[in-house]
Amino acid sequence: MPLSINEKDGKRVVKINGAITVYDAMGLHRGLLNYLETNDKLVLDLAAVKECDAEDVQLISSAIRSAKAAGKTFVIENASESVKAAARRAGVAIDAL
């Protein structure tokens, strides 16, 4: 699961390329939360995600809820069709995150 990190409009943008596997999801969840401990704004760009499971979406959703509860800004941009399908399977409204 290759990642790239850039700045855009004062926010850190993390772009995921390829597949997010169940093995990647826990590390991604932990990494996002660690980043948000010292930063207030994060954008997760999922346009290039080719594979994604419902469990992956649930962990990303959990990280977003944790960030919002701490007063942080964490949003998803450009969810790929794979991410949207996984979100539907997980019962998560990806556009509401």
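Contact here means heavy atoms within 4.5 Å, and helices (H or I, at least four residues) and strands (E, at least two) are DSSP runs, numbered from the N terminus. This is a predicted model, where local features need pLDDT of at least 70, side-chain atom pairs count only at pLDDT 80 or more, and totals for chains, interfaces and linings use all residues. Residues are numbered from 1 along each chain as its sequence is written, and side-chain values use heavy atoms, with hydrogens and water left out.

**View 1. Helix α3 and what covers it.** Among the elements covering the buried residues of α3 are β3 (41-51) and α2 (54-69). Those buried residues of α3 (81-90) are V83, A86, A87 and A90, where buried means under 20% relative accessible area and exposed over 50%, with partly exposed in between (1.4 Å probe, protein chains only). Looking down the axis of α3, they fall within an arc of 105°, so they line one face of the helix; the arc is that of the directions from the helix axis to the C-beta atoms. After α3 comes G91, with a positive phi near 75°.

**View 2. The open sheet.** Four strands line up as β1-β2-β3-β4 in an open sheet with mixed pairing; two strands pair if DSSP finds at least two bridges between them. The edges belong to β1 (3-8) and β4, each with a single partner strand, so one side of each has no neighbour in the sheet. Parallel β2 and β3 are joined by seven bridges, and K15 sits opposite D45 in β3.

**View 3. Strand β4 beside β3.** Five bridges tie β4 to β3, and the two run parallel. Opposite I76 in β4 stands L44.

**View 4. The largest nonpolar core.** This core has 28 residues, and L44, V57, F74, I76, V83 and I94 have the most contacts inside it. A nonpolar core is a set of buried Ala, Val, Leu, Ile, Met, Phe, Trp, Tyr and Cys residues joined through side-chain atoms within 4.5 Å. Helix α2 gives the most to this core, with six residues. Zoom in on I94: leaving aside residues up to four places away in sequence, I94 touches V57, I76, A79, V83, K84 and A87.
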